[in-house]
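Subject: Structure for your attention

Dear colleague,

Please find below the structure that I am handing over to you.

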Amino acid sequence: MSKVYVFEHPLIQHKVAMIRDKNTTTKDFRQLVKEIAMLMTFESTRDLALEEVEIETPICKTTVKQLQGLDVAIVPILRAGLGMVDGVLEIMPNAKVGHVGLYRDPETHEPVEYYCKMPEDIDKRKIYVVDPMLATGGSAVAAIDFVKARGGKNITFMCLIAAPEGIEELQKKHPDVDIYIAAKDEKLNENAYIVPGLGDAGDRIFGTK
Ligand code: PRP
Ligand code: URA
């Protein structure tokens, strides 16, 4: 079974509180989503492997610790996942970016696919699938199905707010995929929106409603 990590860092929690507020403007919302994604990436990379190398400071030779090479791909679920990409890239600027286009059918709440483009060497990369919201889990499961169908193996899912129903579904369908979240909410409502949540993440990032 996969692991679920909830990032309790006070800066992350403070910023999540701000994006929940319905009076937060589109400009601030977008900036905060980027900042939370950056902080979550920082927290999630605590275990990266280091190696010792010898360098010369202006004073003498010394041994320092550097990151061992790690090839990363970020895969945002369109559209709202796009809001997290720049934040992740701030911490991992060499990452490549693949895209999966999905939206939830407003009647059935089932994901509908419309786009998929991955880096060619996706099978060799550590992959972060990102989306601000994990509600029923349908979109995350379908996106990860896509990524696996193209050879992706080492996959983590990172989102800002998750419902218990979505976590359960994702763990059931993809037990190999660890889940990083900033907040675990109470439940879904009758329209499959997360309660208390933050509303429609895509609309709030792009100002479409
Ligand atoms: C939202 C969100 C997730 C999905 C989560 O996208 O960004 O992708 O819903 O819901 P689920 O877990 O029930 O699948 P939406 O379908 O609103 O599309 P958008 O990003 O284009 O706004
Ligand atoms: N998608 C969103 O953007 N918000 C929700 O609460 C659920 C799905």
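Predicted model: local features only at pLDDT ≥ 70, side-chain atom pairs only at ≥ 80, totals over all residues.

Residues are numbered from 1 along each chain as its sequence is written, chains are lettered from A and ligands numbered from 1 in the order in which they are written, and side-chain values use heavy atoms, without hydrogens and water.

Ligand 1 is surrounded by 15 residues, and the closest are Arg-104, Asp-131, Thr-136, Gly-137 and Ser-139 (a heavy atom within 4 Å counts as near). Strand 6 (99–104), strand 9 (133–134) and helix 4 (138–149) each contribute at least two residues to this shell; helices (H or I, at least four residues) and strands (E, at least two) are DSSP runs, numbered from the N terminus.

Oxygen atoms of ligand 1 lie 2.4 Å from a polar side-chain atom of Asp-131, 2.8 Å from a backbone N or O atom of Gly-137 and 3.0 Å from a side-chain N or O atom of Arg-79.

Asp-203 lies in helix 6 and is buried, with a relative accessible area of 11% (buried means under 20%, with a 1.4 Å probe and protein chains only). Leaving aside neighbours within four places in sequence, Asp-203 is in contact (heavy atoms within 4.5 Å) with Arg-79, Thr-208 and Lys-209.

In helix 3 (residues 82–91), the buried residues include Gly-83, Met-84 and Val-85. Their cover includes helix 2 (26–44) and helix 6 (201–206).

Yours sincerely

Terms used: Buried < 20%, exposed > 50% of the residue type's maximum accessible area, 1.4 Å probe, protein only. Polar contact = N/O pair within 3.5 Å; in protein donor to acceptor, adjacent residues only side chain to side chain.
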